[in-house]
Amino acid sequence: MAEAEHTEILVIGAGIIGVTAALALQSEGHKVRLLDRAGVAAGTSVGNAGAFAYADVEPLATPGIIRKAPKWLLDPLGPLSLRPGYALQLTPWLLKFWRASRKDRYAAAVKAQSELMHLAQAAQERLITEVSGEPLMRREGQMQLYEGAASYRASLPSWELRRQHGVTFELFETPDAIAEIQPGVARRFTHAGYTPEWMNTVDPALWTRHVAEAFVARGGTIEITEIRALRPLGQGVEVETASGPLRAAKVVLAAGAWSHRIARTLGDRIPLDTERGYNTTFPTASFDLRTHLTFSDHGFVISRIGEGLRVGGAVELGGLELPPNYKRAEILVDKAATFLPGFETTGGTQWMGFRPSMPDSLPVISASPTSRDVIYAFGHGHLGLTQSAGTAQLVAALCAGRAPGIDLSPFRADRF
Ligand SMILES: Cc1cc2nc3c(=O)[nH]c(=O)nc-3n(C[C@H](O)[C@H](O)[C@H](O)COP(=O)(O)OP(=O)(O)OC[C@H]3O[C@@H](n4cnc5c(N)ncnc54)[C@H](O)[C@@H]3O)c2cc1C
C-alpha cells in the first residue's frame, strides 16, 4: 500500500466543513480523527437556513457596493450593519473587501465561485447517495421576491450572470404567477425569480450529525478538545490541544470563523472575519411554505426546518466577541409577518451565528503557506453548507497530491 493510505489525519472543527472533509478522507483509506472543542455541529452549522444555494455565485463585494454600503451601514437595523465598537478592527478587512469589488476581481470571483458550485453540487449528490441522506433533503426550489418593477429590473443583471453560469431559472412578472408556486405572499411582491433545482436540507444540524454518524460508523473518531496551536515538524504537524500534544502526518483546519486564530499560531495571517447572522425558528409552521423564499430587498430568507419555519438572514459586521443584538432577529420576523399574512410569530427561538467570511466571499481551500502538511478549509461565508461536499472533495485531492479538477488559485490562503 502507498504511504499516503496510512496517513493519519487530524481534522479540526466538526461543523459541516470538517465532518464532510473527515468522511471524504476516510473514504480514501486514511485514518482520520475529528477534533472539536464542543462537539458535532456546535458552531454556525447548527442553525443556518439549510439551503444548498448553488445559484448564488455572486460575491458580496459587487462593483459599486462601496457607494451603496454607507447607506446600509448607517441603518443600525438594516440588512447590512457594522457595530461601531468593531469598526476600527475591521478596517483592514473592509479595505480588502473594497479592492475585491473592482470589476476584474469581481468577475474572477464569480468564475471561481461558479466552478466551485458545479463541483459542489455533483459532490453533494454523490454524498447523499453514499450516506443514504435523501430523507434529509427537500427539493422544493427557491423563489427570490422583488417589490415592484424597479427592484426587479435592478436584479436582472444578476439573473443574467446566473444564466451565463448554467443556473436554470424562471422569471415571474405578476403576483398571480408568484402565487402559482407560492400562494399567500403579499401582493406588494410583484416580480420574482424562481430556481427550481435549489435544494434544502430538512435541518442543517441533523444533516451535519448524519454525516458525522456515517464517519463514526466507518471507524472514525470524534474527540472533544480545544486546539491551541499548530507547529510544523520536518514531516507532519504537532497539534497543541487542551488535553495534550498530538502528532499527525496532516492536519485539516476547518474551524469556521475561528480558523484564523489557529492559523496565526503557524505564522499565517489570514484576513478571515465574520458576518454575523440572525434567525428565529418556529417549531410549527403557521404558513404553508412551498419553496424557500428569499426577500432580496430586505436581506432575509424563510425556509422550512423540520416541521417548522426559520426566518433568518442579516449581515452584522461585529467580530466574534460582542454580544448579539436580537433586535435584528425581531425585525426580520416582523417583516415576515407582514409579507406573509397569516404567519404566526409566537413561540420562536432566536439564534445568532458566525459566518466565516473572507473579503472576496471565496473560501480558503489550500495548503498553508507555512506548512504543506496543513490544509485550510474555511471561510465559506454564506455558503458553507452549499459548498461542503465540494470542499471535502478538494481537501481530499490536496491531501493526496492529486489534481483537484478546478483551478484552486482563487482559493489560496495567501491570495491577499
Ligand atoms: C443566519 C445564517 C444563515 C445561513 N444560511 C446558510 C444556508 O442556507 N446555506 C449555506 O450554505 N450556508 C448558510 N450559512 C453559512 C453556513 O452556516 C456556514 O458557512 C457554515 O456553517 C460554516 O461551516 P464550518 O464547518 O466552516 O464552521 P462551523 O459550523 O462554525 O464549525 C466550526 C467548528 O470549529 C470548532 N472550533 C472552533 N475553534 C476551535 C478550537 N480552537 N478548537 C477546537 N474546535 C474549534 C467549533 O466548535 C465549531 O464546531 C448561514 C449562516 C448564518 C449565520
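Predicted model: local features only at pLDDT ≥ 70, side-chain atom pairs only at ≥ 80, totals over all residues.
## Strand β12 and model basis

E238 counts as buried, because its relative accessibility is 16% and buried means under 20% relative accessible area, exposed over 50% and partly exposed in between, with a 1.4 Å probe and protein chains only. E238 is found in strand β12, residues 237–241, where helices (H or I, at least four residues) and strands (E, at least two) are DSSP runs numbered from the N terminus.

Residues are numbered from 1 along each chain as its sequence is written, and side-chain values use heavy atoms, with hydrogens and water left out.

## Surroundings of the ligand

There are 34 residues around the ligand, and D36, S45, A51, G381 and T386 come nearest; a residue belongs here if one of its heavy atoms lies within 4 Å of the ligand. By class, this shell has 15 nonpolar, 15 polar and four charged residues, where Ala, Val, Leu, Ile, Met, Phe, Trp, Tyr, Cys and Pro count as nonpolar, Asp, Glu, Lys and Arg as charged, and the others, Gly among them, as polar.

A backbone N or O atom of A51 lies 2.8 Å from a ligand nitrogen, a polar backbone atom of A49 is 3.1 Å from a ligand nitrogen, and for a polar backbone atom of H382 the distance to a ligand nitrogen is 2.8 Å. Of the 1,000 Å² of accessible area that the ligand has on its own, the protein covers 97%, with areas taken from the Shrake-Rupley method with a 1.4 Å probe. Two or more residues of the shell are given by each of α1 (16–27), β15 (273–282) and β19 (349–357), and the largest share, four residues, comes from β19.

## Salt bridges

Side chains of opposite charge can pair when their charged atoms come close. The count comes to 27 salt bridges, each being a side-chain nitrogen of Lys or Arg within 4 Å of a carboxyl oxygen of Asp or Glu. R83 forms one with E316, the closest N and O atoms being 3.3 Å apart. This pair links distant parts of the chain, since R83 sits in the loop between β4 (80–82) and α3 while E316 belongs to strand β18 (residues 308–317), 233 residues apart. R83 is buried at a relative accessible area of 18%, and E316 is buried at 1%.

D360 and R415 also meet in a salt bridge, at 2.8 Å from N to O. D360 lies in the loop between β19 and β20 (364–367) and R415 in the segment after α10, so the pair ties together parts that are 55 residues apart in sequence. D360 is buried at 10% relative accessibility, whereas R415 is partly exposed at 22%.

## Helix α10

S388 lies in helix α10, residues 388–400, and counts as buried because its relative accessibility is 1%. A polar atom of the S388 side chain lies 2.8 Å from the backbone oxygen of L385.

Definitions and conventions:
Polar contact = N/O pair within 3.5 Å; in protein donor to acceptor, adjacent residues only side chain to side chain.
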